[in-house]
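Good morning, and thank you for coming.

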Amino acid sequence: MGDPVKKSRVLIDVGHPAQVHFFRHMAENLQAAGHTVLFTARNKEVTIDLLEAFQLPYELRGELYEGMVAKVFGMFIIDYRLYRIARRFRPDILVGFHNPYIAHVSRLLRKPSIIFTDTENVRIASLLTFPFADCICTPACFKEALDPEKHLTFNGYKELAYLHPNYFTADPAVPLSLGIGPDEPFILLRLISWKASHDVDLRGIKAPESLVQKLEQFGKVFISSERELDPSLSERRLVLPPEQFHSLIAHAALYIGEGGSIATESALLGTPAIHIEADSSGEASGNRCGNFIELRDRYDLMYFYPDEISAWEKALEILSDSDSKATWAKKRDRLLSEKSDVTAWITDLIAGYPESVQKARLSK
């Protein structure tokens, strides 16, 4: 008989709801194989709601700090809290998504850390994270040059870790629960808070009220918003259990908004997606994002613009085409035929670390 497979203790820190989705199925796979998993999390938006809905073991490690001075001070507090939790848990490996706290604590514990990211040129967060990480994993379309000794790539997008058909099927009852009929078109609009460290010098939709008026010519508009809404828009605020959100996206006629992750999720679910965000020079920030560029240029599933005025012509084109959802379904099928099961890849990487790193390099 061969040597028994080592069972690891894996600590996963999440700072955003999308990261719960990203790590969820990997964590379940590891638990099923006999590994021990613990999440640590901050109470941002619906992060805790998702951890509880999916019955994932977790501990709170702090709240959200707003403003650059508070974030700097908060980093030391979170590092300390995470270190205390990690000392009790005794992890063999620490995992996070562009997560400086995990990288710092892993060094303090002298344990390896694996960091995932899909966002290029996030200078401050990268400087605080990458030098301390043992392994940095990105989609193959990632455009920023990283340390080749640490850098691993996978054939897919982070969102495929939870939206691949192996793990997700849209529930048609979700739009019905909001009063939307089976063939009734609706639009999802996303507004973010612009308080994250990676949102510095970026801007998005200037006049959401005007945009909503235009969109409502084509169907009901639901607004998912991190910030306070103008009273004229408050009745359109989306109220939905967070674990049902992706089923709503899958049935929308159009996603348009400031949330980059949701734009990618929409594209991967076969929903036309328009991302609106500009940098300080007025250029669409999507021009620096490898996954956005690939989803636009290779698969024609997503578009990005610096403001809602330049985006409107494309939105109008999509909403005026009664066959757009069928067209997007075919584009999505092509993408899925060319991409990997990302959850299987990251599960194998973590379960077999460090030998799995060399295996991943050889399989490219």
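Let me begin with Ser-8, which lies in the segment before β1 (9–14). Please keep in mind throughout that this is a predicted model. Ser-8 counts as buried, because its relative accessibility is 8%, under the 20% limit. Leaving aside neighbours within four places in sequence, Ser-8 is in contact with His-35, Thr-36 and Asp-92.

Is Thr-40 buried or exposed? Thr-40 counts as buried, since its relative accessibility is 0%. Its side chain forms a polar contact of 2.7 Å with the side chain of Asp-13. Not counting residues up to four places away in sequence, Thr-40 touches Leu-11, Ile-12, Asp-13, Val-14, Glu-59, Arg-61, Leu-82 and Ile-85.

The largest nonpolar core has 96 residues, and the ones with the most contacts inside it are Ile-12, Phe-23, Phe-116, Ile-256 and Ile-274. Helix α1 (residues 17–32) provides the largest share of this core, seven residues. Apart from it lies another core, of 19 residues, including Tyr-101, Val-105, Ile-115 and Phe-130. Returning to Ile-256, and again not counting residues up to four places away in sequence, we find that this residue touches Ile-187, Leu-188, Leu-189, Arg-190, Leu-211, Leu-215, Ile-274, Ile-276 and Ala-315.

Thr-129 is placed in helix α5 (residues 123–129), and it counts as buried because its relative accessibility is 0%. Its side chain reaches the backbone oxygen of Ala-125 at 2.7 Å. Beyond four places in sequence, Thr-129 touches His-98, Asn-99, Pro-100, Ala-103 and Ile-115.

Next come some details of the backbone. Arg-90, in the loop between α3 (68–89) and β4 (93–97), has a positive phi near 60°. Arg-90 is exposed, as its relative accessible area is 53%. Asn-121 also has a positive phi, of about 60°, although it is not a glycine. This asparagine is placed in the loop between β5 (113–116) and α5, and it is partly exposed, with a relative accessible area of 36%. Finally, a cis peptide bond joins Tyr-353 and Pro-354, with omega about 5°. Pro-354 is found in the loop between α14 (342–351) and α15 (355–362).

I now come to two helices. How many of the eight residues of helix α11 (residues 290–297) are buried? Six of the eight are, so the helix is largely enclosed by the rest of the structure. The buried residues are Gly-290, Asn-291, Phe-292, Ile-293, Glu-294 and Leu-295. Their cover includes α10 (260–268), β11, β12 and α13.

The other helix is α12. At its start, a side-chain oxygen of Asp-307 comes to within 3.1 Å of the backbone nitrogen of Ile-309. Glu-308, Ala-311, Trp-312, Lys-314, Ala-315, Ile-318 and Leu-319 are the buried residues of α12. They pack against β8 (186–191), α8 (208–215), β10 (254–257), β11 (273–276), β12 (302–305) and α13.

Helix α12 also brings us to the last topic, the second largest pocket. That pocket holds about 360 Å³ of space. Among the 20 residues lining it, the closest to its centre are Asp-183, Glu-184, Pro-185, His-251 and Lys-325. At least two lining residues come from each of α7 (173–177), α9 (245–251), α12 (308–319) and α13 (324–338). Sorted by class, the lining has twelve nonpolar, four polar and four charged residues.

That concludes the presentation, and I thank you for your attention.

Methods
Residues are numbered from 1 along each chain as its sequence is written. This is a predicted model: local features need pLDDT of at least 70, side-chain atom pairs count only at pLDDT 80 or more; totals for chains, interfaces and linings use all residues. Side-chain values use heavy atoms; hydrogens and water are left out. On a 1 Å grid over the protein atoms alone, a cavity is a set of points where a 1.4 Å probe fits but cannot get out, and a pocket is an open set with protein on both sides within 12 Å along at least five of seven lines; lining residues have an atom within 4 Å of a point. Grid points are joined across faces, edges and corners, and a volume is the space filled by probe spheres set on the points. Helices (H or I, at least four residues) and strands (E, at least two) are DSSP runs, numbered from the N terminus. Ala, Val, Leu, Ile, Met, Phe, Trp, Tyr, Cys and Pro count as nonpolar, Asp, Glu, Lys and Arg as charged, and the others, Gly among them, as polar. Buried means under 20% relative accessible area, exposed over 50%, partly exposed in between (1.4 Å probe, protein chains only). Contact means heavy atoms within 4.5 Å. A polar contact is a pair of N or O atoms within 3.5 Å; within protein, one must be able to donate a hydrogen and the other to accept it, and residues adjacent in sequence count only if both atoms are side-chain atoms. A nonpolar core is a set of buried Ala, Val, Leu, Ile, Met, Phe, Trp, Tyr and Cys residues joined through side-chain atoms within 4.5 Å.
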